[in-house]
Amino acid sequence: MDNKNEIFLKQVSDVLQKARNNAKTAVNLAMVYSYYEIGRMIVEEEQRGSERAEYGKYILKELSIYLTKRFGKGFSITNLKQMRQFYQIYEVDQIGQTVSDQFPNLPVTKSGRKFFLSWSHYLKLMRISNVEERHFYEIEAAKNDWSLSELKRQFNSALYERLILSANKDKIKQLAKEGQVIQCTNDAVKDPYVLEFLGLQKLPEYSESELESRIIDQLQTFLLELGTGFTFVGRQVRFTFEEEHFKVDLVFYNRLLRCFVLFDLKIGELKHQDIGQMQMYVHYYDRKVVLVYKYGHRKLNNL
């Protein structure tokens, strides 16, 4: 099979895969909106009962039996209670207009609310009692297309808390309305990074090469932990400066900040010579590599 045929086959395959993904997304969103509507109907029906507590139990039991007979699994009393809770939380809940504008074709509830994620995502989000924190994770999951497992990982690693520790009051409000917005270099840097996904065992010590290998093995997750706009350039990237050869452990590029991000992995206490070495790396990239990206090799040779 020649290269042209491979390209053609891949293009056709990509069209079908995209269509399937879109269909799956549409089904998931339709389910979320229908569960919201079921929750609304349950609440309104319960409110019509004279003895709300007892009447509510009766309604949930009868509805569960009826829907299970007609549609099969997924309509237990517990699930119906979750739908009721979903409506009660999101009927009065509004999210930032910025993220809503990014999904203009989605339906809107009577209260003006849009939903962007799967039902499983919202089951997780409903457990977050802090409204601003809940909004932040919903926005970030929608903007970055987080899977449920990635949403759980970011929440368990306390991403929101890590960001607000270094933010002023205005920034904290912005996190709840727009998610993480990269306006300057500091906005793109987390402190600390949480790398539990590397699966390192509890040993007395590790080598820097082992840490680097684990990061490469989990590169996709590491990129998500780094934040928005990061792309991987290479590992052990070699360059020559003043007739000496050096290697940078890991090199990334942030397309939003339009800058390189260099990682020099160190195990143990940071020393002055480590800082000096990194400053030299940064100085080289700032004066040489960035210019290559900006002007091209021919222009650089004439500088």
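Guide: Start with Tyr122: beyond its neighbours within four places in sequence, Tyr122 is in contact (heavy atoms within 4.5 Å) with Val32, Phe86, Tyr90, Phe115, Phe116, Leu117 and Glu138. This is a predicted model, where local features need pLDDT of at least 70 and side-chain atom pairs count only at pLDDT 80 or more, while totals for chains, interfaces and linings use all residues. Residues are numbered from 1 along each chain as its sequence is written, and side-chain values use heavy atoms, with hydrogens and water left out.

Visitor: Which residues touch the most other members of the largest nonpolar core?

Guide: Phe86, Tyr90, Tyr122 and Tyr137 do, in a core of 39 residues. A nonpolar core here is a set of buried Ala, Val, Leu, Ile, Met, Phe, Trp, Tyr and Cys residues joined through side-chain atoms within 4.5 Å. Buried means under 20% relative accessible area, exposed over 50%, and partly exposed in between, with a 1.4 Å probe and protein chains only.

Visitor: Which helix gives the most to this core?

Guide: Helix α1 does, with 8 residues. Helices are DSSP runs of H or I with at least four residues, strands are runs of E with at least two, and both are numbered from the N terminus. Apart from that core lies another of 13 residues, including Phe241 and Tyr285.

Visitor: How many aromatic pairs are there?

Guide: The count is 28. Rings of Phe, Tyr and Trp (its six-membered ring) pair if their centres lie within 6.5 Å; planes under 30 degrees apart are stacked, over 60 edge-to-face, and the rest tilted. Tyr33 and Phe115 are edge-to-face, because their centres are 5.3 Å apart and their planes at 70°.

Visitor: Where do Tyr33 and Phe115 lie?

Guide: Tyr33 is in helix α1 (residues 3-48) and Phe115 in the loop between α4 (97-101) and α5 (119-125), so the pair ties together parts 82 residues apart in sequence. Tyr33 counts as buried at 14% relative accessibility, and Phe115 counts as buried at 0%.

Visitor: What about Tyr90 and Phe115?

Guide: That pair is edge-to-face too, at 5.8 Å centre to centre with 80° between the planes. Tyr90 lies in helix α3 (residues 77-90), so its pair with Phe115 joins parts 25 residues apart in sequence. Arg134 lies over the face of Tyr90, 5.8 Å from the ring centre. The rule for that is NZ of Lys or CZ of Arg within 6 Å of the ring centre and within 35 degrees of the ring normal.

Visitor: Change of topic. How do strands β1 and β2 pair?

Guide: β1 (residues 230-241) and β2 pair in the antiparallel sense over 10 bridges. Two strands pair if DSSP finds at least two bridges between them. They form a hairpin with 2 residues between them, and Glu242 in the turn has a positive phi of about 50°. One of the bridges joins Val237 to Val248.
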